[in-house]
Amino acid sequence: MKKHPDRKATKAVVFIFTIMMFFLFSQTLWAAPKLAQSKAKGKDCAACHVKAKMLPDNHADTKAMNWEACKTCHTKDKLSLIGKLPGSHHHQLVEVNCVKCHGKTKKPEALTMEQCVACHGSTAKLAEKTKDIKPSNPHTSPHYGTELDCNLCHHQHTKSENYCTQCHKFDFKVP
Amino acid sequence: MKKDDTKEKTLSRRNFLKTTGAAAVAAMAVGNLGMPAKYAQAAGDALPKKWDETYDVVVIGSGFAGLAAAIEAKNAGASVAIIEKMPTHGGNSIINGGDFCAPGTKLQQENGIPDSPELMLKDMLRAGLYLNHPENAKIVAYGAKDALEWTESYLGVKYVKIGFHGGHSVKRAHGMLNQTGAELVNKELAKVKELGIKIQLRTKLVKFISNKDGRIIGIEVRKDYKFPDEKSGKTAFLKAKRAIVLGSGGFSQDIKLRQIQDPRLTDKFGSTNQPGATGEALLAACIAGAMDVQMDWIQLGPWTSPDEKGFGFVPLFCEPLVGNGLMINPKTGKRFFKETGNRKERADAIILMGNPAIIMGDSYAVNKNVVPHAVQKGMEIGAIKKFDTLEDLAKNYDIPLDVFLKEIARWNSFVEKKKDDDFDCMIFKDTRPTATAPFYAARLWPKVHHTMGGLVIDKNAQVMGFDFKPVKGLFAAGEVSGGVHGAVRLGGVAIADCLVFGRVAGKSAAAEKPWG
Ligand SMILES: Cc1cc2nc3c(=O)[nH]c(=O)nc-3n(C[C@H](O)[C@H](O)[C@H](O)COP(=O)(O)OP(=O)(O)OC[C@H]3O[C@@H](n4cnc5c(N)ncnc54)[C@H](O)[C@@H]3O)c2cc1C
């Protein structure tokens with residue numbers, strides 16, 4: 001198996017993901033860049049997106065920022081980033097880079113859910129944290145319990161989706 | 001024209017179908033044009049250069065039927081793989097309402113309900129308009145109790161309630177814990193894992209591969225398939241030394257195929273089914289020589305609501321209420337049909353009416369019969385509503401009040417004497433007049449729910465071909481098969497069908513002589 005990210009970063013990610021569940025999801029920045037993987041850094045947009053402009057003109061320079069720095073402006077209620085950044089970018093901003101999930105490889109492969117759980121903790125605990133979300137706890141269901149694959153909703157390299165909506169009218173904002 | 005003639009004769013059924021496309025397959029299959037046997041004979045496929053994986057038995061579909069088959073095949077000594085095209089297991093079975101009809105069980109006895117397999121069979125045949133293949137229907141009616149006990153003793157499934165479904169003579173629906181088929185599917189899955197059987201998700205059956213005798217010897221699949229992207233995934237070949245069990249479910253979500261069978265069922269009708277309930281696996285079997293039957297008997301659920309998505313909560317509210325409360329046409333304020341009638345009768349009556357019906361019950365009926373969870377969730381979504389008075393209820397749905405109140409009084413008089421003079425609705429021993437506030441109500445509009453038709457199977461779940469001979473190496477069970485239910489599948493009998501024939505199919509597949 002591949003290396004696991006270090007535990008501090010892990011905690012930060014768990015924390016972020018939990019609060020993100022409560023935020024609002026508005027417009028997004030999904031533009032599949034030509035991947036210049038070796039240079040991939042969440043904060044340095046141009047490293048991957050090259051010329052495409054990803055941020056508004058008056059946005060502060062992000063190159064030196066980490067996720068904590070983003071949060072000085074982007075709070076829970078104001079300018080929330082929830083759903084605006086692909087999951088992989090969040091990971092990058094808390095120093096969880098490509099290698100930390102995919103290992104050192106030229107051909108990164110899709111991960112299994114064990115990889116998520118290794119850092120983020122058990123899905124049962126997650127379900128406990130999100131138990132008050134309306135209209136229904138997104139992390140447990142009468143069908144699959146807490147066993148559904150994270151990646152059915154929380155994609156890292158493409159826009160996340162709400163798997164429940166194929167049958168239900170659950171209006172979740174999916175980070 | 002001589003030349004064309006000879007050409008036509010050498011055109012195998014397989015090639016013919018390939019060139020004319022799936023719609024034609026379906027159309028022809030339905031019409032059952034009586035293909036001469038020599039055309040029905042599968043011509044044999046070009047064999048794959050290499051089989052990627054080999055098993056004794058390959059099961060397609062991870063619902064009730066497929067999982068039951070896998071368990072039995074494994075326990076009979078076969079090596080088994082299960083493939084499933086969706087990213088999650090369980091198909092329609094995991095969103096199912098968890099009612100399992102079986103006659104003469106302990107739970108019925110405890111509740112003082114006399115019942116017998118004869119009576120269940122009689123109910124199935126009457127509802128099925130006697131189009132049921134009687135031998136198969138009988139196997140289900142007579143095997144249901146044993147199958148139910150197997151799920152209890154071998155899988156550990158819990159049944160907590162005995163309920164009624166329209167069209168049955170008695171209460172024989174054994175309600176699973178939490179009112180969901182997930183209770184059964186997940187316990188089947190746990191057993192599957194315990195037995196060491198692997199289930200391959202996102203793996204779609206594309207085609208059956210037969211040898212030159214027409215025997216099915218394996219399948220072509222797409223691995224890493226991302227429903228519904230037909231271009232996704234990679235081709236692989238799975239060899240089945242003994243047999244394939246097809247448990248791919250029904251095609252209620254297949255708008256193209258269902259419209260060929262029943263042109264009324266356009267995209268204007270929603271469905272209660274999971275999005276992957278499509279017919280390509282069934283059609284692939286037909287292309288490989290399997291015969292289909294009664295494909296145009298497609299069932300609409302009369303208890304679904306236009307005010308929520310999919311199956312939702314209203315069916316769980318409506319079904320326990322029939323016979324305890326009444327169904328009203330809001331335009332007239334009157335009842336219009338026997339509430340305890342079967343699904344087809346009721347759905348047809350609502351469609352004919354042309355507007356949604358109202359199902360309603362008072363607090364006594366609702367509290368006694370409906371699980372609180374269903375009422376609460378249905379109310380949160382807004383599909384079920386609560387009213388302090390009958391006047392409020394009438395106002396909300398624009399029901400002419402005078403007629404409505406008279407109709408309630410009339411119904412209540414039927415309840416008192418336990419006989420409905422208007423529509424002969426069943427009235428239960430514990431039914432009380434609709435009088436105790438608050439009152440609960442929901443709108444009803446049918447959705448596509450079940451496809452009775454499918455592949456022809458014999459008593460061993462062996463799939464039959466257009467030449468009336470077995471399609472060697474192919475077994476089928478569950479909703480993909482046809483014949484058990486005839487024109488109408490009664491509530492709670494699908495699970496019985498899936499479990500009884502799923503287990504039969506697994507045993508048969510494991511007992512098949514290996515071809516290589
Ligand atoms: C909402 C709902 C509630 C219901 N409630 C009840 C009830 O209470 N009692 C009752 O008796 N019946 C009920 N039914 C009916 C019953 O659930 C179904 O008939 C039954 O689940 C069918 O089981 P199955 O194993 O045949 O198919 P399914 O459970 O549908 O499984 C078939 C599987 O095969 C997969 N598949 C299809 N094509 C392919 C392919 N090409 N390659 C690979 N995999 C494929 C599908 O994705 C699916 O997962 C209900 C149905 C629904 C929709």
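## Terms and basis of the model

A residue is called buried when its relative accessible area is under 20%, exposed when that value is over 50%, and partly exposed in between (1.4 Å probe, protein chains only). The structure is a predicted model, in which local features need pLDDT of at least 70 and side-chain atom pairs count only at pLDDT 80 or more, whereas totals for chains, interfaces and linings use all residues. Residues are numbered from 1 along each chain as its sequence is written, chains are lettered from A and ligands numbered from 1 in the order in which they are written, and side-chain values use heavy atoms, with hydrogens and water left out.

## Overall form of chain B

Chain B contains 18 helices and 21 strands, where helices (H or I, at least four residues) and strands (E, at least two) are DSSP runs numbered from the N terminus. A compact globule of 516 residues would have a radius of gyration near 24 Å, and the value of 24 Å for chain B agrees with this; the radius is taken over C-alpha atoms, and the globule rule is 2.2 Å times the number of residues to the power 0.38. Along the principal axes, the C-alpha atoms of chain B fill a box of roughly 75 × 55 × 40 Å.

Of the 516 residues of chain B, 59% count as buried. Among contacts (heavy atoms within 4.5 Å) with a separation of 6 or more in chain B, 75% come from residues 24 or more positions apart.

B:E183, in helix α9 (residues 182–194) of chain B, is buried, with a relative accessible area of 10%. Beyond its neighbours within four places in sequence, B:E183 is in contact with B:G156, B:V157, B:K158, B:M176 and B:L177.

In helix α15 (residues 372–381) of chain B, the residues B:A374, B:V375, B:K377 and B:G378 are buried. The buried residues of α15(B) pack against α12 (314–318), α14 (363–369), β15 (384–387) and β16 (439–444) of chain B, and just after α15(B), B:G382 takes a positive phi of about 95°.

## Salt bridges

Over all chains the structure holds 30 salt bridges, each being a side-chain nitrogen of Lys or Arg within 4 Å of a carboxyl oxygen of Asp or Glu. One of them joins B:R242 to B:D56, with the closest N and O atoms 3.8 Å apart. Because B:R242 lies in strand β9 (residues 234–246) of chain B and B:D56 in strand β1 (residues 53–60) of chain B, this pair ties together parts that are 186 residues apart in sequence. B:R242 is partly exposed at 22% relative accessibility, whereas B:D56 is buried, with a relative accessible area of 11%.

B:D421 forms a salt bridge with B:K417, the closest N and O atoms being 2.5 Å apart; B:D421 is partly exposed at 42% relative accessibility, and B:K417 is partly exposed at 47%. Elsewhere, salt bridges that share partners join B:D115, B:D123, B:R126 and B:R172 into one network.

## Interface of chains A and B

The contact takes 13 residues from chain A and 15 residues from chain B. The buried area, meaning the accessible area (1.4 Å probe) that two parts lose on being put together, summed over both, is about 1,200 Å² between chain A and chain B, with carbon and sulfur atoms giving 57%. In chain A, A:H143, A:Y144 and A:C167 lose the most area to chain B, together 39% of what that side buries.

Between chain A and chain B the count of salt bridges is zero.
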